[in-house]
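This report describes a single protein model from the whole chain down to selected residues. Please examine the sequence and the coordinates alongside the text.

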Amino acid sequence: MPEVSEFELARLMQGMTDQERMLFLTQYNSEKKDRTIALILSVVIGFWGVDRFYVGDILLGILKLLTGGCCLVWYVIDWFLIMGRVDEYNREKARQIAAAIRLLRGSPLPPGGNGPQQPSPAPSPQSGPSPYPTESPPSPPGPSPHPGATVSELPPNVFARLEAVQGPMAGQKFFLLKIVNLVGRSSDSDIQILDPSVSRHHFRLRFERGQFWIENLSGQGTFLNGQPVAQWQPIKDGDYIQAGRVVLQFRVQGTA
């Protein structure tokens, strides 16, 4: 099982206030287990089940202790299993902490969490059949809702982010959690870029038909890999977006 990713943590923190996010991260970082420590324990003193005690498997630890690691066989096998068990422990711990925080205010976990989920929103009365043609190549998506509209979340297996690589916010990461994400300087943007060279509503990213699309909203233009964005254009992993003086790299997993 893969190590707990920052995408998973961001999805679990979706909808939390800044104070709740800080509480979640503080609690998670204090309780998560380290893969390297677990491996060292397994190799050095795993014969006595210490590695299993470390990840909370008390009964297995006792059994391993009493049987001498099942005549060393179990002891050796755990060298290859223990880091995966650490990932399971950390993933479950993150879900428990998120569930506990939301329980305090009566809010369910987002899709992909370990608690009750909100029902999918009913289609808008104004929604009709999709106007987009199905033949290849696909046409760009249609107009997006206004910035304040309620937009559904990305599928649980899709993880996307913008990484600032140039500008005053270089090094920061911004996670895309919705189907439609508005990017700009305004506080009502889904991703707020605090730079005077960025327009209030600079560009928009939309996930549709298994891929992301970008739309320019700014009079000064948005550039994709150095080329101006006119209307909706497809965007892929590794592409660079320039808004004013800010350059962002688009990263995505799981759109296939």
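## Basis of the model

The model is predicted: local features require pLDDT of at least 70 and side-chain atom pairs count only at pLDDT 80 or more, while totals for chains, interfaces and linings use all residues. Residues are numbered from 1 along each chain as its sequence is written, and side-chain values use heavy atoms, with hydrogens and water left out.

## Overall chain

The protein chain contains seven helices and 11 strands; these are DSSP runs numbered from the N terminus, with helices being H or I of at least four residues and strands E of at least two. Of its 256 residues, 42% are buried. Buried denotes under 20% relative accessible area, exposed over 50% and partly exposed in between (1.4 Å probe, protein chains only).

The chain exposes about 14000 Å², of which carbon and sulfur atoms supply 59%; accessible areas come from the Shrake-Rupley method with a 1.4 Å probe, and for residues only the protein chains shown count as cover. Among contacts (heavy atoms within 4.5 Å) between residues at least 6 apart in sequence, 52% join residues at least 24 apart.

## Helix α3

Helix α3 spans residues 35-45, and A38, L41 and S42 are buried within it. These three lie on the same side of α3 because they cover an arc of only 100° around the axis, the arc being that of the directions from the helix axis to the C-beta atoms. An α-helix has 3.6 residues a turn, so residues three or four places apart point the same way.

The face turned away from the buried side carries the exposed residues T36 and V44.

## Buried charged residues

R161 lies in strand β1 (residues 159-166) and is buried, at 11% relative accessible area. Its side chain makes a polar contact with that of E163 at 2.4 Å. A polar contact is a pair of N or O atoms within 3.5 Å; within protein, one must be able to donate a hydrogen and the other to accept it, and residues adjacent in sequence count only if both atoms are side-chain atoms. Leaving aside neighbours within four places in sequence, the contacts of R161 include E6, F7, K173 and F250.

K64, in helix α5 (residues 58-66), is buried with a relative accessible area of 0%. A polar atom of the K64 side chain lies 3.4 Å from the backbone oxygen of G46.

## Loops with positive phi

R209, in the loop between β5 (203-208) and β6 (211-216), has a positive phi near 50°. N225, in the loop between β7 (223-224) and β8 (227-228), has a positive phi of about 55° although it is not a glycine. R209 is partly exposed at 38%, and N225 is partly exposed at 39%.

## Aromatic rings

The structure holds six aromatic pairs. Rings of Phe, Tyr and Trp (its six-membered ring) pair if their centres lie within 6.5 Å; planes under 30 degrees apart count as stacked, over 60 as edge-to-face and the rest as tilted. F47 and W48 form an edge-to-face pair, 5.5 Å centre to centre with 85° between the planes. The pair of F212 and F250 is also edge-to-face, with centres 5.2 Å apart and planes at 70°. This pair links distant parts of the chain, from strand β6 to strand β11 (residues 246-253), 38 residues apart. F212 is buried at 1% relative accessibility, as is F250 at 0%.
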